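User: I am new to this structure and would like a short walk through it. Could we begin with the inside and work outwards?

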Amino acid sequence: MTFSILRSARRFLSCAAAATPLLATISLTATSAIAADMTVKAPVVAPVPLWNGFYIGVHGGYGVGSSRIVDPSFAFAQDRFTMDTRGAIAGAQVGGNWQFDNLVVGAELDLSWASIKGSRASDPANILSGLAVAYHALATGTGRVGYAFDGLLAYVKGGVAWANVDYQAFTGTPFPVDINHQRTGLIGGVGLEYALTNNLSARAEYNYLYFGPAAIALTTRISTQNVDHDLHLLKLGVNYRFNGDAIVARY
């Protein structure tokens, strides 16, 4: 009887010893699974391209150009002549950029106050030849394509332009005639923009604006005169880009 009990106890201890590693393995596996479930993966923040986002800014500059007149009626001393124009501009712009690796595409609207003027004195042979021209406002809507060298963006732009232009005829008389006309035309340009911070940048830009021939009446005669304009603008400006909200978190 005693021998039987001892043999049973020995079998129990042997089974317990054999089961101990298996239980330890099961416990470790369960603990690892629970720990894995409890682990919160940290978000990976995708970097935002430097030039991506919408922006608003201001600019100032200087412009030179010319206004050409063709007068089929010969009301003025010469049938064809040119008036040079020059003066300052100042204004604001708003736009947006979308960056794909180094390629940057965008669109922009700008509006400028202008004080670009020119005049031609009366010819001694014809006092009615005196003329003056003045630009009061300019606006452009353009598309832009550029290449980013990290913090430096080189770009070209093109689109449509608008101008508010005043002509004054018979400036050599006591009763000059004022003619205001709105003109639409084309604009092309190039520029460099440098990122001062992640949101603030400074730029220098050259624009060429052309307003094709249009018939306006500079005299009281029935005939009209054909007038066209061109302008060369050099602009300096600063932009503030709203690109902070574009950061995307990935898990």
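**Inside the model**

Analyst: The lining of the largest cavity is made up of four nonpolar, three polar and two charged residues. Please keep in mind that this is a predicted model.

User: How many cavities of 30 Å³ or more does a search of the whole structure find?

Analyst: The search finds one cavity of that size. About 40 Å³ of space lies in the largest cavity.

User: Which residues line the largest cavity?

Analyst: The lining consists of Asp110, Ser112, Leu138, Thr140, Ile187, Asn207, Leu209, Leu233 and Lys235. At least two lining residues come from each of β4, β5, β8 and β9.

User: Let us take Lys235 from that list. Is Lys235 buried or exposed?

Analyst: Lys235 has a relative accessible area of 5%, so Lys235 is buried, the cut-off for that being under 20%. Lys235 lies in strand β9.

User: What does Lys235 touch?

Analyst: Leaving out residues up to four places away in sequence, Lys235 touches His59, Gly60, Gly61, Ile89, Asp110, Arg203, Ala204, Glu205 and Asn207. As for Gly61, its C-alpha lies 4.3 Å from that of Lys235, although the two residues are 174 apart in sequence.

User: Now the nonpolar core. Which residues touch the most other members of the largest one?

Analyst: They are Tyr135, Leu138, Tyr167 and Leu209, in a core of 24 residues. Two or more residues of this core come from each of β3 (80-100), β4 (103-120), β5 (131-149), β6 (152-169), β7 (177-195), β8 (200-216) and β9 (225-242). The largest share, five residues, is from β6.

User: Changing topic: how many aromatic pairs does the structure hold?

Analyst: The structure holds three aromatic pairs. In one of them, Phe54 and Trp98, the ring centres are 5.8 Å apart and the planes stand at 85°, so the pair is edge-to-face. This pair links distant parts of the chain, with Phe54 in strand β2 (residues 53-70) and Trp98 in strand β3, 44 residues apart.

User: What about the pair of Tyr240 and Phe242?

Analyst: Tyr240 and Phe242 are also edge-to-face, with 5.2 Å from centre to centre and 75° between the planes. Tyr240 counts as partly exposed because its relative accessibility is 40%. Phe242, with a relative accessible area of 51%, is exposed.

User: How much of the protein do buried residues make up?

Analyst: Buried residues account for 36% of the 251 residues in the protein.

User: And among contacts between residues at least 6 apart in sequence, what percentage join residues at least 24 apart?

Analyst: The figure is 67% of those contacts.

Notes:
Residues numbered from 1 in each chain as written. Predicted model: local features only at pLDDT ≥ 70, side-chain atom pairs only at ≥ 80, totals over all residues. Heavy atoms only, no water. Core = buried A, V, L, I, M, F, W, Y, C linked by side-chain atoms within 4.5 Å. Buried < 20%, exposed > 50% of the residue type's maximum accessible area, 1.4 Å probe, protein only. Helix = DSSP H or I, 4+ residues; strand = E, 2+ residues; numbered from the N terminus. 1 Å grid on protein atoms, 1.4 Å probe; cavity = no way out; pocket = protein on both sides within 12 Å on 5 of 7 lines; lining within 4 Å. Points joined across faces, edges and corners; volume = space filled by probe spheres on them. Nonpolar A, V, L, I, M, F, W, Y, C, P; charged D, E, K, R; others polar. Phe/Tyr/Trp six-rings, centres within 6.5 Å; stacked < 30°, edge-to-face > 60°. Contact = heavy atoms within 4.5 Å.
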